[in-house]
Amino acid sequence: MKFVVLTIFPELMQAFWDNGIMRRAVDAGAIAAEAVNIRDFAEGRHKVTDDRPYGGGCGMVMKPEPLAAAVRAARHKAPAAPVVLLTPQGRRFDQEMAQQLAAHPALIVVCGRYEGIDERVGEQFVDIEISIGDFVLTGGEVAAMAVMDAVTRLLPGVLGNEDSAEQDSFCHQRLDHAHYTRPPEFEGRTVPEVLLSGHHDRIIQWRRADALLRTFAKRPDLLRAGTLSAEEMALLRTWHREIERIIRSAPGSGAGSPSGGG
Ligand code: ADE
């Protein structure tokens, strides 16, 4: 995967690629990453990349000429790559989109600044608009890093354990199960015994149940939106029966009283 990122903060991008798993991905040849400084394509002594909006109003708009020239330069570096713009107006980024993007050999990533980019550059050059959430950042750089990070870790050979991306949160529309490492007891809290048992099948079963429970507790919308496996259905029915039993036996539930029950 080749990332060509258009930004007015190339040093910010370089720092991101120079550390951690991104750095490892670069060293392993899984990604190549390059920042194009939009300012290099701006005219005049001050290399201005923004201007006041037509029609008035607050904030500044990214000028079309330097951005268009920067996209054209990026296209020389990655000819067939789609142009991705980070903007709060884009489609909400998720794991599925990360997988789709990871299938491309290259991406040109445009980080907008100020109030946004001139609409005409968007119309002419942008293929995909992505938002990382319903909030407004001061620019697309942090959003671009989030997208590149999520995409990079899906590429073959980037994560040590090949199947750890497979078992991620959201990979199958479920949150991840809980994780524990040594020591077996930490400030009075212990690790679930099954994880210390060495019993592989029971561990797998526990993890699937824990993932379902956490998804139910924290993101029930994911369960409502998707399909349930037979195993999940059985677990939910068991929990449902247990919850009913707890409610019925709770003091004040009305169970056992002449008017109660129901
Ligand atoms: N630029 C500013 N806010 C953004 C957001 N939420 N997502 C993507 N790009 C942005």
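Is Gln173 buried, exposed or partly exposed? I looked it up: Gln173 is partly exposed, with a relative accessible area of 39%. One caution for my notes is that this is a predicted model.

**Entry 1**

I stayed with Gln173 for a moment. Its phi is near 60°, a positive value in a residue that isn't glycine. Gln173 sits in the loop between α6 and β8.

I found another case at Tyr114, where phi is near 55°, again positive and again not a glycine. Tyr114 belongs to the loop between β6 and α5 (119–125). With a relative accessible area of 29%, Tyr114 is partly exposed.

The peptide bond that joins Arg182 and Pro183 is cis, with omega at about 5°.

**Entry 2: helix α1**

Which residues of helix α1 are buried? In this helix, residues 10–17, I noted Pro10, Met13, Phe16 and Trp17. Looking down the axis of α1, I see its buried residues within an arc of 120°, so they line one face of the helix.

Next I asked what the buried residues of α1 pack against. Three strands turned up on my list: β1 (2–7), β2 (32–37) and β6 (106–111). The helices α2 (20–27) and α6 (141–152) are partners as well.

**Entry 3: the whole protein**

I zoomed out and noted ten helices and nine strands in the protein. The radius of gyration is 25 Å, while the globule rule gives 18 Å for 262 residues, so the protein is more spread out than a compact globule. I also wrote down the box that the C-alpha atoms fill: roughly 85 × 50 × 35 Å along the principal axes.

How much of the protein is buried? Buried residues make up 37% of the 262. The protein exposes about 16,200 Å², and carbon and sulfur atoms supply 53% of that area.

I checked contacts too, taking those between residues at least 6 apart in sequence. Of these, 74% join residues at least 24 apart.

**Entry 4: charges**

How many positive and negative side chains does the protein have? My tally reads 30 positive and 35 negative. The centres of the two sets lie 2 Å apart.

Note on methods
Residues are numbered from 1 along each chain as its sequence is written. This is a predicted model: local features need pLDDT of at least 70, side-chain atom pairs count only at pLDDT 80 or more; totals for chains, interfaces and linings use all residues. Side-chain values use heavy atoms; hydrogens and water are left out. Buried means under 20% relative accessible area, exposed over 50%, partly exposed in between (1.4 Å probe, protein chains only). Helices (H or I, at least four residues) and strands (E, at least two) are DSSP runs, numbered from the N terminus. The arc is that of the directions from the helix axis to the C-beta atoms. Contact means heavy atoms within 4.5 Å. The radius of gyration is taken over C-alpha atoms; the globule rule is 2.2 Å times the number of residues to the power 0.38. Accessible areas come from the Shrake-Rupley method with a 1.4 Å probe; for residues, only the protein chains shown count as cover. Lys and Arg count as positive and Asp and Glu as negative; His and the chain ends are not counted. The place of a charge is taken as NZ of Lys, CZ of Arg, CG of Asp or CD of Glu.
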